[in-house]
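Open the model in your viewer and keep the selection tool at hand. The tour goes from the whole chain to a cavity and then to a single side chain.

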Amino acid sequence: MIKLTNLIFLPILALIFTACPGGPVTPTSLATQIDAGSANSDWTSFDTDPLGNAIVVWQQSDGTANRIYANRSLGSNQTWQGPTIIDAGATNTSFAFGFPKVGLDAQGNATAVWTQVLKGGTRIYANQFSVITNTWSTPVIIDAGDSGAGSPSIAVDAKGYATVVWEQYNSQTSLQIFSNRWNPNLQQWEGAAQIDATDQLRSRSPIIRADALGNAVAVWVQINYTGVDSGTRLYTAWRAPNEIWSIPKVIDAVPLNGNYQVYQQIAFDALGNAIVVWSDVDAFTGSAVIYANYYNLQSNTWNGAIDFRKFARNGIITKCPGIPRSSQNHNSRNVVSQLVISLR
């Protein structure tokens with residue numbers, strides 16, 4: 001996700017990146033404004049299909065309330081079709097709250113999700129774009145009911161299955177992780193289901209990624225407030241295309257003791273193996289260590305969390321000049337981002 005605080009500008013042509021992160025980035029054209037006007041734009045997300053078509057979604061005020069907008073670029077002629085409102089409408093009790101995400105399948109069909117305030121509570125909405133009709137559908141609620149839902153993340157595979165995860169309160173104190181999947185064959189959402197452990201009192205910040213075959217990995221943080229063992233643990237669950245979610249598993253390296261995990265990211269290799277990378281922060285010293293855990297699809301096992309430098313030495317991560325050689329780095333978000341980019 002790219003977050004901008006004013007107008008949204010994106011290059012008409014794709015950017016050319018070097019093979020390794022941290023190298024030069026060369027734009028091939030000037031930027032063009034693609035948002036809806038002069039009001040501040042925020043919480044931008046975009047995705048592309050194999051033909052180079054792109055869809056961008058963002059939050060922006062229409063002068064009365066925050067709305068969710070989308071704009072599509074055609075790879076064939078590199079033009080933007082214009083901003084379109086895709087949310088469920090704005091009233092005194094209903095308006096876009098933000099955090100939109102979007103994903104495209106191999107044909108360019110898109111699914112967008114976001115958080116929207118509805119009668120004082122927050123809900124997860126979804127809307128879908130059809131390449132055939134060149135239109136967005138009617139937005140629908142996809143969460144587990146009531147309110148208190150937020151932080152959606154989406155992964156769309158090549159066949160059009162769109163899997164969404166988010167956090168939502170089951171009660172006043174129990175914050176859980178839920179998921180819902182769009183089935184392109186049935187043309188419907190399969191229904192919201194909890195995917196974290198039932199005894200977790202506060203699970204937050206879920207993210208999800210899917211590979212070309214439709215395997216999906218979700219990762220989230222569980223918060224623990226118990227005495228001296230306060231801190232967080234990093235959990236994950238796996239879902240194959242025709243199966244239910246696996247039992248949640250802890251994949252971090254450091255048990256509680258005031259440590260917490262942030263900036264977690266996921267990437268797949270060409271064989272469907274996954275890697276999760278995150279920053280483990282010591283709450284007492286503020287120092288951060290970058291860890292990674294590798295999922296082997298063939299054996300259906302996680303190899304265990306280790307210092308990312310060991311991944312590089314073992315050849316799992318290609319050594320690139322742009323990746324710091326030390327795992328001690330206060331700017332841990334950049335290190336995690338560079339690590340995951342190097343896998344793609």
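Predicted model: local features only at pLDDT ≥ 70, side-chain atom pairs only at ≥ 80, totals over all residues.

Colour by secondary structure next. The chain has two helices and 28 strands. Of the 344 residues, 48% count as buried.

Rolling a probe the size of a water molecule over the atoms shows where empty space is left. Searching the whole structure this way gives two cavities of 30 Å³ or more. The largest cavity has a volume of about 60 Å³.

Which residues line the largest cavity? Select A155, D157, Y161, T163, R181, A210, G214, A216, R239 and A240 to show the lining. Five of these lining residues are nonpolar, two are polar and three are charged.

Finally, select strand β26, residues 288-296, and pick out N293 within the strand. Is N293 buried or exposed? N293 has a relative accessibility of 2%, so it counts as buried; the cut-off for buried is under 20%.

One of its polar atoms lies 3.0 Å from the backbone oxygen of I251. The N293 side chain also reaches the backbone nitrogen of G304, at 2.9 Å. Displaying I251 and G304 alongside N293 puts both of these contacts in view.

Notes. Residues numbered from 1 in each chain as written. Heavy atoms only, no water. Helix = DSSP H or I, 4+ residues; strand = E, 2+ residues; numbered from the N terminus. Buried < 20%, exposed > 50% of the residue type's maximum accessible area, 1.4 Å probe, protein only. 1 Å grid on protein atoms, 1.4 Å probe; cavity = no way out; pocket = protein on both sides within 12 Å on 5 of 7 lines; lining within 4 Å. Points joined across faces, edges and corners; volume = space filled by probe spheres on them. Nonpolar A, V, L, I, M, F, W, Y, C, P; charged D, E, K, R; others polar. Polar contact = N/O pair within 3.5 Å; in protein donor to acceptor, adjacent residues only side chain to side chain.
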